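Hello,

Here is the structure I promised to pass on to you. Have a look at it first, and then read on for what turned up in it.

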Amino acid sequence: MKRIGVTGHRSIPQEAYAHVLEGMRAALCGLEGSKEALSSLAVGADQLFADLALACGAELTVVIPSGDYEAGFDDEVDLARYRMLKARAAREVRLDYPHSTDEAYYAAGAYIADHCDRLLAVWDGRPARGLGGTGDIVTYARSLGRPVTVIWRDGVERA
């Protein structure tokens, strides 16, 4: 089984969205054999990846950083999508953090990097804005020798 993890920005600018979607589709749907997709189901790249992975026939493993993770969803539509994707997951891994902190987010990203064969990073190449951000997880995965595929459209900046 091929295990693909994701890390990525919560906001994907409209001018990068189609490029990101196509890059994820190529990475996920182009693989032969059984696939496992690992995601924390955060808004943005994580949810897009999980939805596409399921459409491509992958088994979804969700990594929940904390006990109060759902409280971090400000939008009802985003929360509903999170719950729908979580319900479709083959496996759920719950980390022992009671609250959603930067440390919990870092631990979830590190778990994904530790348990995947390849990491997809929807990343603009800039440093993380807080501990556990995309840049931190890319650095961690690379320190493990994990292959990292960065998906981003050149010249597009994140808000």
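By class, how many nonpolar, polar and charged residues does the lining of the largest pocket have? Please keep in mind as you read that this is a predicted model. The lining of the largest pocket has twelve nonpolar residues, eleven polar ones and six charged ones.

Let me stay with that pocket for a moment. The volume of the largest pocket is about 470 Å³. It is lined by 29 residues, and those closest to its centre are Gly8, Arg10, Gly132, Gly133 and Thr134. Helix 4 supplies the largest share, five residues.

There is also a second largest pocket, which holds about 160 Å³ of space. Its lining is made up of Arg10, Ile12, Gln14, Tyr17, Val43, Gly44, Gln47, Leu48, Asp78 and Arg81. Two or more of the lining residues come from each of helix 1 (14–29), helix 2 (45–55) and helix 3 (76–87). By class, the lining of the second largest pocket has four nonpolar, three polar and three charged residues.

Now for the way the helices pack. Two packed helices are described by the distance between their axes and the angle between those axes, so I give both for each pair below.

Helix 1 and helix 2: the axes come within 10 Å and cross at roughly 45°, and the two helices are therefore oblique to each other. Their crossing is right-handed. On the helix 1 side you will see Tyr17, Val20, Leu21, Met24, Arg25 and Leu28, which meet Ala45, Leu48, Phe49, Leu52 and Ala53 of helix 2. Sorted by class, this contact of helix 1 with helix 2 has ten nonpolar residues, no polar residues and one charged residue.

Helix 2 and helix 3: here the axes come within 11 Å, with a crossing angle of roughly 40°. Helix 2 and helix 3 are therefore oblique to each other as well, and helix 2 passes helix 3 in a left-handed crossing. Helix 2 makes the contact through Gln47, Leu48, Ala50, Asp51 and Leu54, and helix 3 through Asp78, Arg81, Tyr82 and Leu85. By class, the contact has five nonpolar, one polar and three charged residues.

Tyr106, Gly109, Ala110, Ala113 and Asp114 of helix 4 meet Asp136, Ile137, Tyr140 and Ala141 of helix 5. The classes in this contact are six nonpolar, one polar and two charged residues.

Best wishes

Note on methods: Residues numbered from 1 in each chain as written. Predicted model: local features only at pLDDT ≥ 70, side-chain atom pairs only at ≥ 80, totals over all residues. Heavy atoms only, no water. 1 Å grid on protein atoms, 1.4 Å probe; cavity = no way out; pocket = protein on both sides within 12 Å on 5 of 7 lines; lining within 4 Å. Points joined across faces, edges and corners; volume = space filled by probe spheres on them. Helix = DSSP H or I, 4+ residues; strand = E, 2+ residues; numbered from the N terminus. Nonpolar A, V, L, I, M, F, W, Y, C, P; charged D, E, K, R; others polar. Axes fitted to C-alpha atoms, helices over the stretch in contact; angles between N-to-C directions. Parallel < 35°, antiparallel > 145°, perpendicular 65-115°, else oblique. Left-handed = near helix turned anticlockwise from the far one by under 90°. Contact = heavy atoms within 4.5 Å.
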